[in-house]
Amino acid sequence: MKIVVCVKQVPDTKGGVQFNPDGTLNRAAMLAIMNPDDKAGLEAALRLKDQYGAEVTVITMGLPKATDVLREALAMGADKAVLITDRVLGGADTWATSQTLAAGIRNLEYDLIITGRQAIDGDTAQVGPQISEHLGIPVISYAQNLKIEGDSVIVERQYEDRYHVVKAKMPCLITALSELNEPRYMTPGGIFDACDAEITTWGRADLKDLDDANIGLKGSPTKIAKASDKVRKGAGEQVTLDPEAGAAYLLEKLQEKHII
């Protein structure tokens, strides 16, 4: 079994975020981590490797520094790593990103593709399903549990108050929730091996069946009107009233805003 896991290097939001003049994230200037949902997807793939001897390849699109999360994945137990990086791919929205990743995955052999449900820097949950659409394979999203049965994957798909059991023949794509599992730690031996491991790097020229009109900032239909590192709130209104008058005042304000 061959499994491809899509991972993303995302800003560590605890350290704050920074923006470029065009509204895109200044990823080069921020501390970065592996996206939590993606790490859960990687752990799911590694457990299938432990159980079935699967080969796990991790792939990401990003700046050259994104090799950090690829080496982390290798140190956790992944077998191969691929970085897609090129200036013309910068500033991509979910449409352009999924087009590029799908083109990269076409260069690989796969039975199962696993992505995170969504990235903490965008929260769109669009890239995984879009990749499946570009590749013409089934997708099961919001996976909270999964297992392999023959040539099929069986997934518990999470809903708000229940889950559905969905079965699909491979090849297919799964989007994983962070609640899917508890990712393992890197091992000391894995860290040493990952430091020396070769990471395959692809640029635009290595991606076939990819239209230049669908890549990078120019190929992104999503346009950012305004970006801010913090949501600034107004000073608010302070009043001093006795309890009865205060209750009446609050009731009036809630009615004005159509909350009640």
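Two strands pair if DSSP finds at least two bridges between them. Keep that idea in hand as you look at this structure, which is a predicted model. With it you can follow valine 153, which stands opposite alanine 168 in β9.

- Start with β7 and strand β8 (residues 152-158), which run antiparallel and are joined by six bridges.
- β7 and β8 make a hairpin with two residues between them. In that turn, glycine 150 has a positive phi of about 65°.
- Next, β8 pairs with strand β9 (residues 163-169), again in the antiparallel sense, over seven bridges.
- Four residues make up the link in the hairpin that joins β8 to β9.

**A look at glutamate 149**

- Glutamate 149 belongs to strand β7, which covers residues 139-149.
- Which residues does glutamate 149 contact, leaving aside its neighbours within four places in sequence? They are Ile154 and Lys167.
- Glutamate 149 and alanine 168 are 19 residues apart along the chain, and their C-alpha atoms are separated by 9.9 Å.

**Salt bridges**

- How many salt bridges does the count come to? The count comes to 13.
- Lysine 39 forms one of them with glutamate 72, and the closest N and O atoms are 2.7 Å apart. Lysine 39 lies in helix α1 (residues 36-52) and glutamate 72 in helix α2 (residues 67-76), so this pair ties together parts that are 33 residues apart in sequence.
- The two partners sit on either side of the 20% cut-off for buried residues: lysine 39 is partly exposed at 21% relative accessibility, while glutamate 72 is buried with a relative accessible area of 18%.
- Arginine 184 forms a salt bridge with glutamate 43, with 2.8 Å between the closest N and O atoms. Because arginine 184 lies in the loop between β10 (172-176) and α5 (188-196) and glutamate 43 lies in helix α1, the pair ties together parts that are 141 residues apart in sequence.
- Here, arginine 184 counts as partly exposed at 27% relative accessibility, whereas glutamate 43 is buried with a relative accessible area of 3%.
- Which residues are linked with Glu43 in a network of salt bridges? The network links Glu43 with Arg47, Asp50 and Arg184.
- Lysine 253 forms a salt bridge with glutamate 256, and the closest N and O atoms are 3.8 Å apart. These two residues are separated by about one helical turn, because they are three residues apart in helix α6 (residues 243-256).

- You can find threonine 85 in the loop between β5 (80-84) and α3 (94-105).
- The side chain of threonine 85 reaches the backbone oxygen of glycine 62 at 2.8 Å.
- Not counting residues up to four places away in sequence, threonine 85 touches Gly62, Leu63, Pro64, Thr201, Trp202 and Gly203.
- Histidine 134 has its place in helix α4, which covers residues 127-135.
- What joins the side chains of histidine 134 and serine 98? A polar contact of 3.0 Å joins them.
- Residues that histidine 134 touches, leaving out those up to four places away in sequence, include Trp95, Gln99, Ala102 and Arg106, along with Ser98.

**Cysteines**

- How many disulfides does the count come to? The count comes to zero.
- Cysteine 172 is buried, with a relative accessible area of 0%.
- Cysteine 195, by contrast, is exposed, with a relative accessible area of 53%.

How values were computed. Residues numbered from 1 in each chain as written. Predicted model: local features only at pLDDT ≥ 70, side-chain atom pairs only at ≥ 80, totals over all residues. Heavy atoms only, no water. Contact = heavy atoms within 4.5 Å. Salt bridge = Lys/Arg side-chain N within 4 Å of Asp/Glu carboxyl O. Buried < 20%, exposed > 50% of the residue type's maximum accessible area, 1.4 Å probe, protein only. Polar contact = N/O pair within 3.5 Å; in protein donor to acceptor, adjacent residues only side chain to side chain. Disulfide = S-S within 2.5 Å.
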